[in-house]
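Cover the overall form first, then the details.

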Amino acid sequence: MTGSQTLGVLVDVGSDGSIVLPSDMMTTAQITAGGQVEVLAQHGALIMRNASPPCELCGSLVDVQKVGTYYLCAADRTLLKSDL
Ligand SMILES: [Zn+2]
């Protein structure tokens, strides 16, 4: 197993169909609040992947925001501001 994988865990499905994902799995998948995920149902399983746009400079999926026409992570937004 590589460092980016985690073991499966059981989570409850709410009466409204909601599922709360374990925060460590969210962190591993670089899924953050305000982001998007793509969910596929396939052969009795749900497959979920991070669908947020990556930072266009470094590829990070963490805390990416649109600045003008570019998607940038927090670190690169800070670098961009310091160059102005
Ligand atoms: Zn970046």
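**Contacts and overall form**

In the protein chain, 8% of the contacts with a separation of 6 or more are between residues 24 or more positions apart; two residues are in contact if their C-beta atoms, placed from the backbone, lie within 7 Å. The model is predicted: local features need pLDDT of at least 70, side-chain atom pairs count only at pLDDT 80 or more, and totals for chains, interfaces and linings use all residues. Residues are numbered from 1 along each chain as its sequence is written.

**Size and burial**

- The radius of gyration of the protein chain is 16 Å, whereas a compact globule of 84 residues would have one near 12 Å. This radius is taken over C-alpha atoms, and the globule rule is 2.2 Å times the number of residues to the power 0.38.
- Taken along the principal axes, the box filled by the C-alpha atoms is roughly 50 × 30 × 20 Å.
- Of the 84 residues in the protein chain, 6% are buried. A residue is buried if 20 or more other C-beta atoms lie within 10 Å of its own, exposed if 12 or fewer, and partly exposed in between, with C-beta atoms placed from the backbone.

**Domains**

- The domain assignment of the protein chain gives domain 1 as residues 1–52 and domain 2 as residues 53–84. Such bounds come from an automatic or database domain assignment.
- Between the C-alpha centres of domain 1 and domain 2 there are 24 Å.
- Four residues from domain 1 and five residues from domain 2 take part in the contact.
- On the side of domain 1 that touches domain 2, four residues are polar, with no nonpolar and no charged residues. Here Ala, Val, Leu, Ile, Met, Phe, Trp, Tyr, Cys and Pro count as nonpolar, Asp, Glu, Lys and Arg as charged, and the others, Gly among them, as polar.

**Helices and strands**

- The protein chain contains two helices and four strands. Helices (H or I, at least four residues) and strands (E, at least two) are DSSP runs, numbered from the N terminus.
- Along the sequence, these elements follow the pattern α-β-β-β-β-α.
- Helix H1 covers residues 23–28 and holds Met25.
- Met25 is partly exposed, with 15 other C-beta atoms within 10 Å.
- Met25 and Cys55 are 30 residues apart along the chain, and their C-alpha atoms are separated by 21 Å.

- Strand S1 (residues 37–42) and strand S2 (residues 45–50) run antiparallel and are joined by six bridges. Two strands pair if DSSP finds at least two bridges between them.
- Leu40 stands opposite Ile47 in S2, and Val39 has Met48 in S2 as its bridge partner.
- In a regular strand the side chains alternate between the two faces of the sheet.
- S1 lies largely in the open, because zero of its six residues are buried.
- S2 also lies largely in the open, because the number buried among its six residues is zero.
- The hairpin has two residues between the strands, and His43 is in this loop between S1 and S2.
- His43 has a positive phi near 50°, although this residue is other than glycine.
- His43 is exposed, with 5 other C-beta atoms within 10 Å.

**The loop with Asp63**

- Asp63 is in the loop between S2 and strand S3 (65–67).
- The phi of Asp63 is positive, at about 50°, although Asp63 is not a glycine.
- Asp63 is partly exposed, with 17 other C-beta atoms within 10 Å.
- Leaving aside residues up to four places away in sequence, Asp63 touches Thr32, Cys73 and Ala74.
- Ser15 and Asp63 are 48 residues apart in sequence, and from C-alpha to C-alpha they are 31 Å apart in space.
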